Amino acid sequence: MDLVKLQRQLVDYRDSLYHECFLDEQFTQLQELQDENNPDFVVEVVSLFFEDSERLLNELTKALEQQSIDFKRVDAHVHQLKGSSSSIGAQRVQKSCIAFRNYCEEQNVEGCLTCLQLVRQEYYLVKSKLEALFKLEQQILSAGGSIPI
Amino acid sequence: MGMAADSEFHVLAVDDSIIDRKLIERLLKTSSYQVTTVDSGSKALEFLGLHEDLHDRIDQNTPSVSPNNHQEVEVNLVITDYCMPGMTGYDLLKKIKESSSLKNIPVVIMSSENVPSRISRCLEEGAEEFFLKPVRLSDLNKLRPHMLKTKSKDHCKEQVDEKTAFPSPKQEGKEESNNNKRKATEEGVSPERTRPRPRPRPNGITTMV
């Protein structure tokens, strides 16, 4: 695949992620912080987000399996996930956390379990989208091109 | 690139989120500040040389904390997350402002939640600014005037009588501290961000009343 085609594909793909609210302007802010001296900044931050989110999803699963659920603890985890998704611009994950926190406040187990499923879904969706985006970027770089802004 | 003076400013960033630590570090470095990041209020106090009732431990697993752990490491500003387990950003702010050796260090609070009562509480306790997360580069432009105030006096722990010791910072700072504070219309501030009420304090005096 030629370089120009790859670049066009990346721009279209990236645009679609914003359009579908997988990403928001905070992700753009991250990209603006990347430069020649810190060429992997975005990938590094997003990788931290992946690790941290998966840890939190595991914690949430465990916490909601307990006989006596500690909703404060559940809420604390969701709060963290909401914060980190906001920090990288993963808007749909962030928004799904908001509903989750409401159910925590109500101490509604069913609501929480449903939300956990939704958050997990949104997380894995954005993860696969971002991985695809990074893969396209790599292909462009390997072909000797630069990533279009 | 930038003023040489900027890299003389050392900011201590406190946040329990590893993602946010990475982000604030990059933002601060992009603004040409030296940065140290720690993941808790207690580690922040250790770094600042305040031991209180903490054990004298140095966490080897946090490479960004200075292993020297002595009071000579000059910190020109502390920027801290509000919501942290254990010691909150507010608790940390209080401890800094209650310490005779640290109270002149400007403190900025960050929070993902826009809670007006929280914001005013922090400002009343002596925080210089309150940033809503995610923090932007434009937010960090507000930091320099606060740090210039601390640079304008000799970094001397014995200086306790602030009222007579310091000249008006107007000469040093680019803007008067009251003017640059929380102008809602500056720099494309997003409409959801609450601009906190200005904290009443006499013009030109850097320390809290």
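Analyst: **Helix packing and annotated sites**

Helix α2 (residues 25-32) of chain A packs against α4(A) at an angle of about 60°, and their axes are 6 Å apart. Axes here are lines fitted to C-alpha atoms, for helices over the stretch in contact, and angles run from 0 to 180 degrees between N-to-C directions. α2(A) and α4(A) are therefore oblique to each other; angles under 35 degrees count as roughly parallel, over 145 as roughly antiparallel, 65 to 115 as roughly perpendicular and the rest as oblique. On the α2(A) side the contact is made by Gln26(A), Phe27(A) and Leu30(A), and on the α4(A) side by Ser86(A), Ser87(A) and Ile88(A). Contact means heavy atoms within 4.5 Å. The residues of this contact between α2(A) and α4(A) divide into three nonpolar, three polar and no charged, where Ala, Val, Leu, Ile, Met, Phe, Trp, Tyr, Cys and Pro count as nonpolar, Asp, Glu, Lys and Arg as charged, and the others, Gly among them, as polar.

This is a predicted model, in which local features need pLDDT of at least 70 and side-chain atom pairs count only at pLDDT 80 or more, while totals for chains, interfaces and linings use all residues. Residues are numbered from 1 along each chain as its sequence is written, chains are lettered from A and ligands numbered from 1 in the order in which they are written, and side-chain values use heavy atoms, with hydrogens and water left out.

Helix α4(A), residues 71-88, also holds His79(A). UniProt lists His79(A) under "modified residue: Phosphohistidine", in an unreviewed entry. UniProt positions are given in the numbering used here, feature names are shortened, and annotations may be inferred rather than shown by experiment. His79(A) is buried, at a relative accessible area of 17%; buried means under 20% relative accessible area, exposed over 50%, and partly exposed in between (1.4 Å probe, protein chains only). Leaving aside neighbours within four places in sequence, His79(A) contacts Arg101(A) in its own chain, and Cys83(B), Ser112(B) and Glu113(B) in chain B.

Chain A as a whole has six helices and zero strands, and its pattern along the sequence reads α-α-α-α-α-α. Helices (H or I, at least four residues) and strands (E, at least two) are DSSP runs, numbered from the N terminus. The C-alpha trace of chain A spans about 55 × 30 × 20 Å along its principal axes. Of the 149 residues in chain A, 46% are buried. Among the chain A contacts with a separation of 6 or more, 66% are between residues 24 or more positions apart. Ala143(A) belongs to the segment after α6 (109-142) of chain A and is partly exposed, with a relative accessible area of 47%.

The other annotated residue is in chain B. In an unreviewed entry, UniProt places "modified residue: 4-aspartylphosphate" at Asp81(B). Asp81(B) is part of strand β3 (residues 77-81) of chain B and is buried, with a relative accessible area of 6%. Apart from neighbours within four places in sequence, its contacts are Val14(B), Asp15(B), Asp16(B), Gly89(B), Met110(B), Ser111(B) and Lys133(B). Lys133(B) is also joined to Pro134(B) by a cis peptide bond, with omega about -5°. Pro134(B) sits in the loop between β5 (129-132) and α5 (137-140) of chain B.

Chain B has a helix pair to set beside the one described above. The axes of helix α2 (residues 41-48) of chain B and helix α3 (residues 89-98) of chain B come within 9 Å and cross at roughly 25°. That makes α2(B) roughly parallel to α3(B). Gly41(B), Ala44(B), Leu45(B) and Leu48(B) of α2(B) meet Leu92(B), Lys95(B) and Ile96(B) of α3(B). The residues of this contact of α2(B) with α3(B) divide into five nonpolar, one polar and one charged.

Two backbone details remain. Most residues other than glycine have a negative phi, and most peptide bonds are trans. Gln107(A) is not a glycine, yet has a positive phi of about 55°. Gln107(A) is in the loop between α5 (91-106) and α6 of chain A and counts as exposed at 54% relative accessibility. Ser32(B), also not a glycine, has a positive phi of about 70°. Ser32(B) lies in the loop between α1 (18-30) and β2 (34-38) of chain B and is buried, with a relative accessible area of 16%.
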